[in-house]
Amino acid sequence: MQECPHLTPISRATGADGWRLGLMQSRAEHLFISVTRGHGKAVLRGVRHGVAPNMVLFIPAGTLFSLTLSTFSQGTLLSIPLGGSLPLPGVARRLRLTDLYRQRELAALIDAMQREQDAARDFHAQAAHAHAMLLAVWLRRTLHAQPSTPDPRADQRLAAAFSDLVAREFQSGAPMQAYATRLDVSPAYLARACKSSAGMSAAAMLTARSLHAARQALEDNSAPVGHIAEGLGFRSAAYFTRFVRRHTGFTPSQLRDTAAHHPD
């Protein structure tokens, strides 16, 4: 986790083939994402949304999400570590900025943060937190000016509850049917609700979350494959290898070697 808020261009945050944002995941830090160019889709806590230019996404730590953007999309991702006193929303939010003044105001805030980050002067951490506070206030003001949103549908509420469980417990290795039991619904009903709300089945969401964790562990550190498999709830390293190969076309070792030679 970053010690202070940190900006990353969207093009770098997505990774070479888009998996770093495109697969289901949940982060240990808050994310503020500003999209200035391109289109795509986001799944925030089990609910699918369209993404377009001049759109902002706020994703609290621990929220299951994915973000898929078109080629050549532009924007900025700000990671905000836990532990501060920023007035941030407690749930994921999506905003389309139609007001030119708010667009310019946000661009100025991000530009100031980027200049501070690039300069890396003394007391940078304090300055970065101060800039993040200004951005949090901007977000709070913008949300306050938005019209109220309709109550979520039944399928969206169930998909959100499933997403919360997956974010907390995907490393247990439990199958989708076990989550359905926890939520007191049938597996078929849970699958239909997630398909309707998120655009993908419950099993696909769970698989995507495990695959993101697997790729992150393989490509970002050198832990033995067996240790990674055990930590993600797989029965054996061999089963983990089959899982990775089935969904990526590569073995864990091949993924790791490719990442070492072609870092994002």
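Predicted model: local features only at pLDDT ≥ 70, side-chain atom pairs only at ≥ 80, totals over all residues.
Helices here are DSSP runs of H or I with at least four residues, numbered from the N terminus. Residues are numbered from 1 along each chain as its sequence is written, and side-chain values use heavy atoms, with hydrogens and water left out.

Side chains of opposite charge can pair when their charged atoms come close. By salt bridge I mean a side-chain nitrogen of Lys or Arg within 4 Å of a carboxyl oxygen of Asp or Glu. The structure holds 8 of these salt bridges.

I begin with helix H8, which spans residues 202-220 and contains both Arg215 and Glu219. These two lie 4 residues apart, about one turn of the helix, and their closest N and O atoms are 3.0 Å apart in a salt bridge. Both count as buried, meaning under 20% relative accessible area, where exposed is over 50% and partly exposed lies in between, with a 1.4 Å probe and protein chains only. The values are 17% for Glu219 and 10% for Arg215. Through shared partners, salt bridges join Asp17, Arg215 and Glu219 into one network.

The next pair is Glu169 with Arg182, at 2.7 Å from N to O. Glu169 is partly exposed, at 24%.

Finally, Glu29 pairs with Arg27 in a salt bridge at 3.5 Å between the closest N and O atoms. Glu29 is buried, with a relative accessible area of 14%.
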